[in-house]
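Hi,

Here is the structure we talked about handing over.

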Amino acid sequence: MKVHTAELSSCVESIETYFHGIRAELETMQGLLVELFDRGPVDSAVARARIEPHVRRFLDTTDIVGAGYVAARGALSDEPLYLAWWQGDDQQLLAESDAPGTGDPLDYTRHPWFRTPERTGQPYVTGPYVDFVCTDEYVMTSTAPVISHGKMVGVVGADTLVETLESLMLPALRSAGATLVNDQGRTVISADPHLATGNLFDLSAYAEVAPCRDLPLSVVAR
Amino acid sequence: MATVRRPATRARSAIFAPLGDEGRAVRVENRLAEAIRSGVLADGERLPSEPELAAMLGVATVTAREALVALRAQGLVTTTRGRGGGSFVTQPAPSGPAELSSRLASMSRVELRDRGTIYGVILAGCAELAAERADATDIEGLRDLLIDRDETDVGLWRHADSELYLSVAALTQSARMTREVVRLEADFGALLRLPLTDPDFRVAAASRHRALVDAIEAHASDAARRCVRMHVADSLERLADLHAAVP
């Protein structure tokens, strides 16, 4: 294994600590829901009530901007699409997401934060991207599949504002002269003032690539 | 539309700026109706009281009352009595064809062009930036929104069309830009999609949207911009025909 500078390794460690912390919370929510779905049919009110106290505590004690459970199509007995999702300063419940103009429900199941855990059966971190289903903000979304009787009944997830991540990680990235990138080759946060968040990125220009453990993220430096 | 929305301060002060003299009740009604439809005034939001509203708009209380009565009749405002009562904004149900036609009829050609211009410029700019910034996963998401040209469900067309443009806006990586497009879609998107009832227009739209996604995938900014400009321009031409046909 390649040995990286202490600064670079310390960046990787901070990123891992942050996102693995979120993942631990998601695992608790997963556990609560799997137990519920394993017992039989679940409706939206029951699913919501099961995780609400945990999600509210999670939002109260961290810098997460939104979190909750998002149902797979048809997984709940009463609603085809449903988001037991709380967000914002007042922790408002989302429940459903409508398209502007038509008012039809938005089919969130095609979005990467839903589709990737569905395909892989594994947790994922999507972004940075503009989320127009939940927050209308520029976010990184951590999601994990909820699997009952071999079937994915939805995902649990949490949104981090990219701005929050920038304020947490930029000092360390600066001292390492490094850039955090995602698995799509997109810049998340960079020490380089000319490398804007959200821009696509030519990985071949970077000599050092340090992947973050179990995360679709890497810290790179020239 | 789900959101943690910021108050749109400037738009709001424009709504409550003083009005001139003629047709005052109708103008109060139109201005508030437009603000409610476009979401500047949010669903469930409490409106100022009749005297407050009258003072803010510089009209007589009776005029403000008349406008509120008309808004209630349109279903855009609900009034409750007693403690905690007042007039509250009610977002209209998704607009049906009849409501859209009457909205179109109430617009001047100047207003139609005015709205079409800002919509077209912003969406074309979004397409240009999306072409620079979209990755492979994004393209996959966009392709899911392309509709088979033989599809006859107009509702499906409208929905996919709106979501395609919203997704292109999100690919700019700018949350403010995306929120602006959400607002434009709520405000003007439904009107702009009236021509989708015409099968020939749908076939043309399908091929332009396919070309748009191809251009974004190829990182061809100019081509992406052109696709959107052509589509919006064509939509506006058709809308002008519909406008001319309304009695």
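This is a predicted model: local features need pLDDT of at least 70, side-chain atom pairs count only at pLDDT 80 or more; totals for chains, interfaces and linings use all residues.

Residues are numbered from 1 along each chain as written, chains are lettered from A and ligands numbered from 1 in written order, and side-chain values use heavy atoms, without hydrogens or water.

The structure holds five cavities of 30 Å³ or more (on a 1 Å grid over the protein atoms alone, sets of points where a 1.4 Å probe fits but cannot get out; lining residues have an atom within 4 Å of a point; volume is the space filled by probe spheres set on the points, which are joined across faces, edges and corners). The largest cavity contains about 400 Å³ of space. Its lining has 28 residues, with His111(A), Pro112(A), Tyr129(A), Asp138(B) and Leu171(B) nearest the centre. β4(A) gives the largest share of that lining, eight residues (strands are DSSP runs of E, at least two residues, and helices of H or I, at least four, numbered from the N terminus).

Helices α3 (112-120) of chain A and α7 (136-143) of chain B have axes that come within 12 Å and cross at roughly 100° (lines fitted to C-alpha atoms over the stretch in contact, with angles from 0 to 180 degrees between N-to-C directions). That makes α3(A) roughly perpendicular to α7(B) (65 to 115 degrees). Pro112(A), Arg115(A) and Arg119(A) meet Thr137(B), Glu140(B) and Gly141(B) there (contact means heavy atoms within 4.5 Å).

Cheers

How values were computed: Angles under 35 degrees count as roughly parallel, over 145 as roughly antiparallel, 65 to 115 as roughly perpendicular and the rest as oblique. On a 1 Å grid over the protein atoms alone, a cavity is a set of points where a 1.4 Å probe fits but cannot get out, and a pocket is an open set with protein on both sides within 12 Å along at least five of seven lines; lining residues have an atom within 4 Å of a point.
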